[in-house]
Amino acid sequence: MAFTRATGKHRRPSRAARVGANVAGIATLTAAGVVAGVAAPAFAASPADDAQRHEDTGLTQAVVLSDHVADSVGEQAQMQQGSADQAAARHQAEAEATQQAALVKKRADEAKRKAEAERAEQERAAREAERKRLNAFVLPIAGSFVSTTYKATSGLWSSGSHTGVDFHAAEGTTVQAVGAGTVVEAGWGGAYGNNIVIQHNDGTYTQYGHLSSISVAVGQVVTPGQQIGLSGSTGNVTGPHLHFEARTAPTYGSDIDPVAYLRAHGVDL
């Protein structure tokens, strides 16, 4: 026998059915992001339906939960944006610091290269100045003059003529090497008294006679203008002076014109 539903008022759906429908509706609204915006006004517009609102507590809780979720999502989005901004700022600061460090290093390298170049130039100039100084020649007695010329004749000399020149000098005047070289003789020289012979870098020799004292030794390297002794009157002399010779060999008899020799080496006298 078939049953038919009585006409008249329909019964409300069971609580289980309503809850299921509410949950499904909430899920749909949540997915669309409109739960909070739609559900709340709908409840506000139906104040008479208190019984139904009391029964639909699941939907109300869901709406409140949706608001909380929305707020949490917003806060999380703000935090993520803030973190992203901080990361971007940090990366920019790191990039600027790296660029600044590279600029500082570049300037330091340039300054270093400039300093090295200047130092190299100073060293080159110093070497050049030293080379010139070592190759330069000076007077054997600074500020003096020739008092007896080369090849002057007199019975005072055993050879009959002067084998060098005499430079005016009082007793004890500083005598200096006319050029760079090595001492090959330093001591008593007979008629020359205390004398010194120097071999120079160009292979020539110079002799300094009648010294009152000697301040160098054989084998010693000397430089232009270096003091080698003091003038005097030792040996065959009539008074204090310096006898100076230029030679092609260390021995007597190889003399050449000392004035021409000094002038050829740049000495003005």
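Author: Happy to! Let's begin with a pairing: strand β5 and strand β6 (residues 205–214) are joined by five bridges and run antiparallel. Strands here are DSSP runs of E with at least two residues, helices are runs of H or I with at least four residues, and both are numbered from the N terminus. Two strands pair if DSSP finds at least two bridges between them.

Before going on, a word about what you are looking at. This is a predicted model, in which local features need pLDDT of at least 70 and side-chain atom pairs count only at pLDDT 80 or more, while totals for chains, interfaces and linings use all residues. Residues are numbered from 1 along each chain as its sequence is written, and side-chain values use heavy atoms, with hydrogens and water left out.

Back to β5, which spans residues 194–200 and has six of its seven residues buried. Buried means under 20% relative accessible area, exposed means over 50%, and partly exposed lies in between (1.4 Å probe, protein chains only). Find Val197 and look across to β6, where its bridge partner is Gln207. The hairpin of β5 and β6 has four residues between the strands, and Gly203 takes a positive phi near 90° there.

Now turn to strand β4 (residues 181–188), which runs antiparallel to β5 and is joined to it by seven bridges.

Contact means heavy atoms within 4.5 Å. Setting aside neighbours within four places in sequence, the contacts of His243 include Gln207, Tyr208, Gly209 and His210, as well as Tyr192. His243 itself lies in strand β9 (residues 242–247). It counts as buried because its relative accessibility is 4%. Its side chain makes a polar contact of 3.2 Å with that of His162 and another of 3.4 Å with that of Asp166. A polar contact is a pair of N or O atoms within 3.5 Å; within protein, one must be able to donate a hydrogen and the other to accept it, and residues adjacent in sequence count only if both atoms are side-chain atoms.

Next, the aromatic rings. A search of the whole structure finds three aromatic pairs. In one of them, the rings of Phe167 and Phe244 have centres 6.1 Å apart and planes at 70°, so the pair is edge-to-face. Phe167 lies in strand β2 (residues 165–167) and Phe244 in β9, so this pair ties together parts that are 77 residues apart in sequence. For the terms: rings of Phe, Tyr and Trp (its six-membered ring) pair if their centres lie within 6.5 Å, and planes under 30 degrees apart count as stacked, over 60 as edge-to-face and the rest as tilted. Phe167 is buried, at 1% relative accessible area, and Phe244 is buried too, at 0%. Together with Tyr208, Phe167 and Phe244 form one aromatic cluster.

Finally, step back to the whole chain. The protein chain has five helices and ten strands, and buried residues make up 27% of its 269 residues.
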